[in-house]
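Subject: Structure handover and findings

Hello,

Here is the structure for you to look over. My notes follow below it.

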Amino acid sequence: MICNEVVVNPSKALRKLPRVQHLSAQLAARLRNEDDEFDILNALHPSPAVCGLPTEEARQFIRDYEIFDRGMYAGPVGWFGGTESEFAVGIRSALLGKGHSTLVYAGAGIVEGTNPSFEWDELDLKASQFAKLLQYQEQHICYH
């Protein structure tokens with residue numbers, strides 16, 4: 001409804017990083033009207049990776065059972081620019097507060113047949129990367 005010439009290439013790929021791996025897909029499309037750039041974000045967000053399917057039922061489940069506000073977790077991160085735009089899902093992120101507070105966001109792919117213990121282990125691994133980064137930064141900060 002918003003785009004024509006939609007291309008998904010590749011449909012799914014495994015992106016391996018040193019400690020984790022992700023399924024990824026690249027989408028390319030041409031907006032029918034350049035004024036619809038925010039509509040494309042609304043159509044794609046939230047992604048099934050962070051909300052689930054069917055979307056409305058999954059959103060309601062999250063509202064009913066999650067005990068915290070997701071805030072900016074999993075929001076679109078990117079830019080609009082002239083003839084091109086690029087966005088990714090901010091699925092692993094941190095919110096730095098005043099003083100020494102940091103809120104780390106990471107998710108787990110809970111689906112039928114998932115082992116909850118393995119998901120907790122995966123969350124620990126994902127969050128540990130932020131802890132390592134913050135510890136490194138703290139060691140290299142010069143206070144004047």
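Lys126 and Glu122 both sit in helix H3 (residues 116-139), 4 residues apart, about one turn of the helix. Their side chains meet in a salt bridge, at 2.9 Å from N to O. A salt bridge here is a side-chain nitrogen of Lys or Arg within 4 Å of a carboxyl oxygen of Asp or Glu. Lys126 counts as buried because its relative accessible area is 9%. Glu122 is partly exposed, at 32%. The cut-offs: buried is under 20% relative accessible area, exposed is over 50%, and partly exposed is in between (1.4 Å probe, protein chains only). Helices (H or I, at least four residues) and strands (E, at least two) are DSSP runs, numbered from the N terminus.

Some ground rules. This is a predicted model: local features need pLDDT of at least 70, and side-chain atom pairs count only at pLDDT 80 or more, while totals for chains, interfaces and linings use all residues. Residues are numbered from 1 along each chain as its sequence is written, and side-chain values use heavy atoms, with hydrogens and water left out.

Confidence

pLDDT is the predictor's confidence in each residue, from 0 to 100. The protein chain averages 81, and 94% of the residues score at least 70. Confidence is highest in helix H2 (residues 55-65), with a mean of 90. It is lowest in strand S3 (residues 21-24), with a mean of 78. Where pLDDT is low, the predicted coordinates should not be read in detail.

Overall layout

The protein chain has 3 helices and 8 strands. Along the sequence they follow the pattern β-β-β-β-α-α-β-β-β-β-α. The C-alpha atoms fill a box of roughly 50 × 45 × 30 Å, taken along the principal axes. Of the 144 residues, 15% count as buried. The chain exposes about 11,900 Å², and carbon and sulfur atoms supply 56% of that area. Accessible areas come from the Shrake-Rupley method with a 1.4 Å probe; for residues, only the protein chains shown count as cover. Among contacts (heavy atoms within 4.5 Å) between residues at least 6 apart in sequence, 37% join residues at least 24 apart.

Other salt bridges

The structure holds 4 salt bridges. One of them pairs Arg30 with Glu5, at 3.7 Å from N to O. Arg30 lies in strand S4 and Glu5 in strand S1, so this pair ties together parts that are 25 residues apart in sequence. Arg30 and Glu5 are both exposed.

Helix H2 has a pair too. The side chains of Glu56 and Arg59 meet in a salt bridge at 3.3 Å, N to O. Glu56 and Arg59 are 3 residues apart in helix H2, so about one helical turn separates them. Glu56 counts as exposed, at 51% relative accessibility. Arg59 is partly exposed, with a relative accessible area of 29%.

Look at Asp36. It lies in the loop between strand S4 (27-31) and helix H1 (37-44). Asp36 counts as buried because its relative accessibility is 19%. Yet Asp36 has no salt bridge. Which side chain of opposite charge is nearest to Asp36? It is Arg32, 7.5 Å away. For charge, Lys and Arg count as positive and Asp and Glu as negative; His and the chain ends are not counted. Asp36 touches Ile2 and Leu31, leaving aside residues up to four places away in sequence. Cys3 is 33 residues from Asp36 in sequence, with 9.0 Å between their C-alpha atoms.

Phe80

Phe80 is in strand S5 (residues 76-81). Its relative accessible area is 28%, so Phe80 is partly exposed. Leaving aside residues up to four places away in sequence, Phe80 touches Glu37, Phe38, Leu41, Ser85 and Phe87. Glu57 is 23 residues from Phe80 along the chain, and their C-alpha atoms are separated by 30 Å.

A nonpolar patch

Val6, Val8 and Leu27 make a nonpolar surface patch of about 290 Å². Patches are made of residues with over 30% relative accessible area and no salt bridge: like charges are joined within 9 Å, and nonpolar side chains (Val, Leu, Ile, Met, Phe, Trp, Tyr) within 5 Å. Val8 is in strand S1 (residues 3-8). At 43% relative accessibility, Val8 counts as partly exposed.

Best wishes
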